Amino acid sequence: MTATNQESTATPTGQPVMQAVGIVKTYGHVVALDAVDLELYPGEVLAVIGDNGAGKSTLIKCLSGAEAPSQGQILLDGKPVHFRTPLDARRHGIETVYQTLAVAPSLDIAGNLFLGREERRAGPLGSVLRMLDGTGMRKHAKEQMSSLGIGTLQNMGQAVESLSGGQRQAVAVARAAAFSSKVIILDEPTAALGVKESGQVLKLIQSIRERGMPVILISHNMPQVFEVADRIHIQRLGKRAAVVSPKTISMSDAVAVMTGALKVAPEQEVVTAKSGPAERT
Amino acid sequence: MSGTTTAPESSYDAAEEFLEHRTTAQRVQTTLHRYPWLSPAIVLVLSVIVFSLLNSRFATPNNLSLITQQVAVVGALAVGQTLIILTAGIDLSCGAIMVFTSMVMAKTAFDSGMPGPLAILLGLLVGAAAGAANGLLVTKVRLPPFIVTLGTLNIFVALTLLYATGRTIRDAELATGLAWLGETFSIGEVRVTTGVLVMLLMYALFAFVLKYTAWGRHVYAVGDDAEAARLAGIRVQRVLMSVYVTAGVLYALTGWILIGRVNAASPNSGIDANLDSITAVVIGGTSLFGGRGTVLGSLIGALIVGVFRNGLTLAGLDVYYQTLAVGILVILAVSVDQWIRRARA
């Protein structure tokens, strides 16, 4: 496609920022995840695709702390971590955006951006009276929004319920981008959005990547995945079927792998750093 | 890339431009939506004007002072009720907790000779415990607040009657300090009770807390969309629990105001206060669906009810017509709320 994409195909180098090793998750007799591995390298957008029931949601829940894996390990910068709640993951610098537009409608944009992490005023007003720094938060919110190129939202005191679905999701993505220090996980961020609004969110994902923040993107939407992803992790029947590059595989082949109609040849896989340069052919 | 993004952006501008050209009705809707206390405030001002014109005795200092005293108990009770309704809950037990704690304050002092201030403190603790009981049932047993408080309403009414053994503790029997909130002082010509002052302080405190503290925002966020609040890292159950305990303490404080108001602690006082507090909150523009409203609105709501009851009495109308008027007000208030909400859906 474009120059940015060619550069980023070489990104799988060095140590993964986040790594899942042999993740197993069972619900009673149902095996949702069967020894899944996943690697996320610095500065890349890793898409996770899969049919319904392939285990992509469960995988993401394990990575974001919403579920604890039955077996296996999650490594952050090579160090094992254990998440029991989403808050644990958050404390490790992992922010998740959900498809359900998880914002509080009657709070304003700044209020949503800082929800659960409000800033207090300096001095006794903040420490004794516990007063919030509304002006400061609106200012920081504005800085954050404009640094992500969300120029359409000017008034940080605007209630989120007066925004369109795309703008609401932009607020949620901006929140994740503002507070994550390691990884941003986007769980079907465009599922509830229209075509134009999805375009805005995709643009946001690209500007997050330009900042060097790695992103895991879960999506059903193949054109979107092929537009923004550097690598694609294909999940099938609770296992990782393949990791491919959007440049060396066609959309229909990716779908075929997803449904089990096609197996990926080993040389097409881009699991490790070594295979990076070879795939341009 | 550039080709795909220009289209949505330009249509966005178009959409925003479109928003600028709103009809007057939409603008009114938007303003009322932004300030939920505004429509009740207009109703209050209008009703004061109308009743003043209807009867020259209405706007006298004595009568206005009487209205504030009549409003004090329900108004104070509505502070806690507002907190709970903001979380999309409802508290049917508030009046029962108020009466129960007022009995605890008066009777422990009367029976054991406990000093007044200590008895009041005990009453506040009992209020906190009662609120905690509601809170635990809502957050741990996960019952709907309506059911929980319907149950505890009956429980606290029964406990009050069992504990009081049908006895009213009045006047001289009250320990020192218990009736203090019934004492009056004058501002200009208007006589104000300390109870009214305490009620106003409760409103000032919680208007501040809700607007300017993180806890206040979390209360709104939880009522707005509990799941979104949870995903944003708010400990939803903890916020709910703190709201119920706080409300319990506020009800007990209202119990103290109640003793001052009737100059007695009676198991039979404040029977209607449960629903009256909800009426005040609803007329005050707070949404029963949670997440939208202000304590200031509830104060205005309580005042509207007080003004209507008083004004209709002065107009010589039977008490049944007052109740009828309050019923119509509630339905109007909720209809306005629905209309405002539809504006933004």
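Predicted model: local features only at pLDDT ≥ 70, side-chain atom pairs only at ≥ 80, totals over all residues.

I start with helix α8 of chain B, residues 194-212. It has 19 residues, and at 1.5 Å a residue they should span 27 Å. The end C-alpha atoms of α8(B) are 27 Å apart, so expectation and model agree.

Which residues of α8(B) are buried? Gly195(B), Val196(B), Met199(B), Met202(B), Tyr203(B), Phe206(B) and Leu210(B). Around the helix axis they cover an arc of only 115°, so they sit on the same side of α8(B).

Buried or exposed? Mostly covered: 18 of the 20 residues of α13(B) are buried. Look just past the helix, too. Gly316(B) has a positive phi there, about 85°.

Now chain A. It holds 10 helices and 10 strands. Of its 281 residues, 47% are buried. Take the contacts in chain A between residues at least 6 apart in sequence: 68% of them join residues at least 24 apart.

On to the sheets. Strands of a sheet pair through backbone hydrogen bonds, parallel or antiparallel. Chain A shows us a mixed case and an antiparallel case.

The mixed one is an open sheet of 6 strands, in the order β6-β7-β8-β3-β9-β10. At its edges stand β6 (94-97) and β10 (239-244) of chain A. Each has a single partner strand, so one side of each is left without a neighbour in the sheet. From one strand to the next, the twist averages 20°.

Strand β3(A), residues 45-50, pairs with β9(A), residues 231-236. The sense is parallel, over 5 bridges. Val48(A) stands opposite His233(A) of β9(A). A helix packs on this sheet: α10 of chain A, residues 251-259. It touches β3, β9 and β10 of chain A, and its direction makes about 30° with that of β9(A).

The antiparallel sheet in chain A is open as well, with 4 strands ordered β2-β1-β4-β5. Its edge strands are β2 (30-40) and β5 (79-81), each pairing on one side only. Neighbouring strands here are turned by 30° against each other on average, direction ignored. Strand β1(A), residues 18-27, joins β2(A) through 7 bridges and runs antiparallel to it. One pair to find on screen: Gln19(A), with Glu39(A) of β2(A) as its bridge partner.

Last topic, the contact between the chains. How many residues does each chain bring? Chain A brings 25 and chain B brings 24. On the chain A side, α3 (86-91) and α8 (195-210) each supply at least two residues. The most comes from α8(A), with 4 residues. What is the make-up of that side by class? There are 11 nonpolar, 8 polar and 6 charged residues on the side of chain A that touches chain B.

That's my tour. Over to you.

Methods
Residues numbered from 1 in each chain as written. Chains lettered and ligands numbered in written order. Expected span 1.5 Å × (residues − 1). Buried ≥ 20, exposed ≤ 12 C-beta atoms within 10 Å, placed from the backbone. Arc of directions from axis to C-beta. Pairing = 2+ DSSP bridges. Axes fitted to C-alpha atoms, helices over the stretch in contact; angles between N-to-C directions. Contact = placed C-beta atoms within 7 Å. Nonpolar A, V, L, I, M, F, W, Y, C, P; charged D, E, K, R; others polar.
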